[in-house]
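Dear colleague,

I am handing over the structure below, and after it I set out what was found in it. Please read the notes with the structure open beside them.

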Amino acid sequence: MTDGIEQRVFEQLLSLRGRFQQRVREVNGMTEREVMSAAESVARIVEVAGGHVARVRDALSVLRGGGGRAGIGTLIHRQIDAVEDYARDVRERATRLQSDATSAVAHTQDISRAARSIAALSQEAHILALNARIEAGRLSERGASFRVIAGEMQRLSKTIATTNELIDQLSRDLTALLPAIAGSADGMEALASTFSERFAASAHDVEQGTEEMHRYVADALEHGDASLAQVVRHSHESLSHLQFQDAVAQGLQRIDDWIRDAQLAAAELPAAEGRAAEIAAPMHPEIGGDKPVDLETAGDVLMF
Amino acid sequence: MKRALVVDDSPSVRQQVGLALRQAGFDVVEAADGAEGAERIGADPTIAVVICDVNMPRMNGLEMLEKVKADAANARLPVLMLTSEGHPALIERAKKAGAKGWIVKPFKADLLVAAVKKLVA
């Protein structure tokens, strides 16, 4: 009778432990999966936040430049410098053109004076040719060669007079045109000056805008870095809290150890003699032996 | 990027330690027990630090530590024990075997990362 009870106790313990281990594996497997999913979500949050901060950092590096690449600020500065140089060049050329036009007016006056001298010489040549013709007529046959020279001189005198009139006309045209050129150069210089002033004002606005943009992005990055640090800190806290699963799993495995102790005790009963081999090994080896979770020392770091 | 080996029979603990270390810029490899951990250390000279549980099947963490440290090539390899155990005799055994630190589970991820960074600095 007692043997039967002892045997039933032993069988019950075997069955109980088998079912318990099965349930422990299910519970631990389920909590393990859930905890790992939660940890993956935490990691994903950190990754997303990190990606966002990295994009802000990229934006700032485009603005600031670096790695052999000029930033937008530098590019704008260069462009402003180039336009200012160009406007200065236009202004200087317009001033030079104005000055050259003024000099050219003086030169055309010199040409007009020279043309008048040439006209006087041409007149003298004409009179000389007339005198030569009279002299040739007086000498009759002997003056034939004189007549030829007189004819050539008169033709030359006419050609000089015609050419001189042309030069004089050109000089007058130039004299009339050059003040207009000087006026245009003056207008161009004034236009370039006005453009320079307006551009300088706009460039100043652009520079201010760029600096402001730098500040905004730098602020965003600073806040982003701080936020990311917080996200990482909270993620670490979450990871710390998620370790409840390990403690729960170990706790359940320790209960398995207690049931196993009961099995070993039952195996010493006469009716269970020789059945100790049927008792399964502990679910989880613990070289430190059975002990509760020590929340006082949990997380302590001891460096040697 | 420094490589850290995490040896623990619990996948979730390996994952949590791995996430914390990856966020801190480590390259993390894993082993599920002491025997696999010792194998990985022997095969991968780029491992810069080991974080090792104590209670594990096949080969426990202290046995793994003693085996690894018996090889002169691993004399300078820092090993940090991460375990729910806190018995002074076990801590002393780890210290004698050449471990550089002992952290009691459940660990605080920030403190673990700080300890690991200190060991590889």
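In this predicted model, S4(B) and strand S5 (residues 101–104) of chain B run parallel and are joined by four bridges, where two strands count as paired if DSSP finds at least two bridges between them. Helices (H or I, at least four residues) and strands (E, at least two) are DSSP runs, numbered from the N terminus. Within this pairing B:Leu82 stands opposite B:Ile103 in S5(B). Between the two strands the chain passes through helix H4 (residues 88–97) of chain B, and this β-α-β crossover is right-handed, a term used if, with the strands pointing away from the viewer, the path from the first strand over the helix to the second runs clockwise.

Two conventions apply throughout: residues are numbered from 1 along each chain as its sequence is written, while chains are lettered from A and ligands numbered from 1 in the order in which they are written. As the model is a predicted one, local features need pLDDT of at least 70 and side-chain atom pairs count only at pLDDT 80 or more, whereas totals for chains, interfaces and linings use all residues.

On its other pairing, S4(B) is joined by three bridges to strand S3 (residues 47–52) of chain B, and these two also run parallel. Here B:Ile51 stands opposite B:Leu80 in S4(B). The chain goes from S3(B) to S4(B) by way of helix H3 (residues 61–69) of chain B, in a β-α-β crossover that is right-handed.

How many residues of strand S4 of chain B are buried? Five of the five residues of this strand (residues 79–83) are buried, so the strand is largely enclosed by the rest of the structure; a residue is buried if 20 or more other C-beta atoms lie within 10 Å of its own, exposed if 12 or fewer, and partly exposed in between, with C-beta atoms placed from the backbone. B:Val79, B:Met81 and B:Thr83 point one way from S4(B), while B:Leu80 and B:Leu82 point the other way.

S1(B) pairs in the parallel sense with strand S2 (residues 27–31) of chain B over five bridges, and B:Leu5 stands opposite B:Val29 in S2(B). Together S1(B), H1(B) and S2(B) make a right-handed β-α-β unit. S1(B) also pairs in the parallel sense with S3(B), over five bridges, and in S3(B) the bridge partner of B:Arg3 is B:Ile47.

Turning to where the chains meet, 35 residues of chain B are in contact with 34 residues of chain A. Helix H1 (11–23), H4, S5 and H5 of chain B each supply at least two residues of the side of chain B that touches chain A, and the largest share, eight residues, comes from H1(B). That side divides into 18 nonpolar, eleven polar and six charged residues; Ala, Val, Leu, Ile, Met, Phe, Trp, Tyr, Cys and Pro count as nonpolar, Asp, Glu, Lys and Arg as charged, and the others, Gly among them, as polar. S3(A) and S5(B) pair in the antiparallel sense over three bridges, with B:Ile103 in S5(B) as the bridge partner of A:Val301.

B:Ala115, which lies in helix H5 of chain B, is buried, with 22 other C-beta atoms within 10 Å. Residues up to four places away in sequence not being counted, B:Ala115 touches A:Val301, A:Met303, B:Leu80, B:Gly101 and B:Ile103.

As for chain A, its secondary structure comes to four helices and three strands, which follow the pattern α-β-β-α-α-α-β along the sequence. Of its 304 residues, 12% count as buried. Chain A averages a pLDDT (the predictor's confidence in each residue, from 0 to 100) of 86, and 99% of the residues score at least 70. Confidence in chain A is lowest in strand S1 (residues 65–66) of chain A, at a mean of 78, and highest in strand S3 (residues 301–303) of chain A, at 90.

With kind regards

Methods: Contact = placed C-beta atoms within 7 Å.
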